[in-house]
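Q: I would like to learn how to read a model of this kind, feature by feature. Could we look at it together and begin with the side-chain contacts?

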Amino acid sequence: MAKDTDRIEREIEAARNQLASTLDELSVRASPKNIVANTKQSVVAKLDEPAVKFTLLGVGAVVAVLVVRRIFN
């Protein structure tokens, strides 16, 4: 009986430690500073892809041409 009680207490303590670790990890992930940093990193990585980069350059060039035409017409 005492062995069962000790085993249950160890399991409860292990579960408590795991829960504390999980909560710590969630608090780090949910930090606004970390969310902003991760989002910024994702956006920069996406903009560095050649297809996105060249598409944005093309759209920018078309907009620039349209603005210049509008100014001189």
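Predicted model: local features only at pLDDT ≥ 70, side-chain atom pairs only at ≥ 80, totals over all residues.

Q: How many residues apart in helix α1 are E13 and R16, and by about what part of the helix are they separated?

A: Residues are numbered from 1 along each chain as its sequence is written, and side-chain values use heavy atoms, with hydrogens and water left out. E13 and R16 are three residues apart in helix α1, and are therefore separated by about one helical turn. Helices are DSSP runs of H or I with at least four residues, strands are runs of E with at least two, and both are numbered from the N terminus.

Q: Which contact do the side chains of E13 and R16 make?

A: The general idea is that side chains of opposite charge can pair when their charged atoms come close. The term salt bridge is used when a side-chain nitrogen of Lys or Arg lies within 4 Å of a carboxyl oxygen of Asp or Glu. In this structure the side chains of E13 and R16 meet in such a salt bridge, at 3.0 Å from N to O, and E13 is partly exposed, with 36% relative accessibility. The scale behind that word calls a residue buried under 20% relative accessible area, exposed over 50% and partly exposed in between, using a 1.4 Å probe and protein chains only.

Q: How many salt bridges does a search of the whole structure find?

A: The search finds four. One of them joins R7 to E11, whose closest N and O atoms are 2.9 Å apart; these two residues lie four residues apart in helix α1, which covers residues 2–29, and so are separated by about one helical turn. R7 has a relative accessible area of 37% and is partly exposed, and E11, at 44%, is partly exposed as well. Another salt bridge links K46 with E49 at 3.5 Å, N to O, where K46 is partly exposed at 47% relative accessibility and E49 is partly exposed at 35%.

Q: What pattern does the protein follow along its sequence, and why is it described as more spread out than a compact globule?

A: Read in order, the pattern is α-α-α. The radius of gyration is 28 Å, well over the 11 Å that the globule rule gives for 73 residues, so the protein is more spread out than a compact globule. The radius is taken over C-alpha atoms, and the rule is 2.2 Å times the number of residues to the power 0.38. The C-alpha trace spans about 95 × 20 × 10 Å along its principal axes, and 0% of the 73 residues count as buried.

Q: Which residues form a nonpolar patch on the surface?

A: A patch is made of residues with over 30% relative accessible area and no salt bridge, like charges being joined within 9 Å and nonpolar side chains (Val, Leu, Ile, Met, Phe, Trp, Tyr) within 5 Å. Here V59, V63, V67, V68, I71 and F72 form one, with about 590 Å² of accessible area together, areas being computed by the Shrake-Rupley method with a 1.4 Å probe and, for residues, only the protein chains shown counting as cover. I71 is found in helix α3, residues 50–72, and is exposed, with a relative accessible area of 60%. V63 is also found in helix α3, where it counts as partly exposed at 45% relative accessibility.
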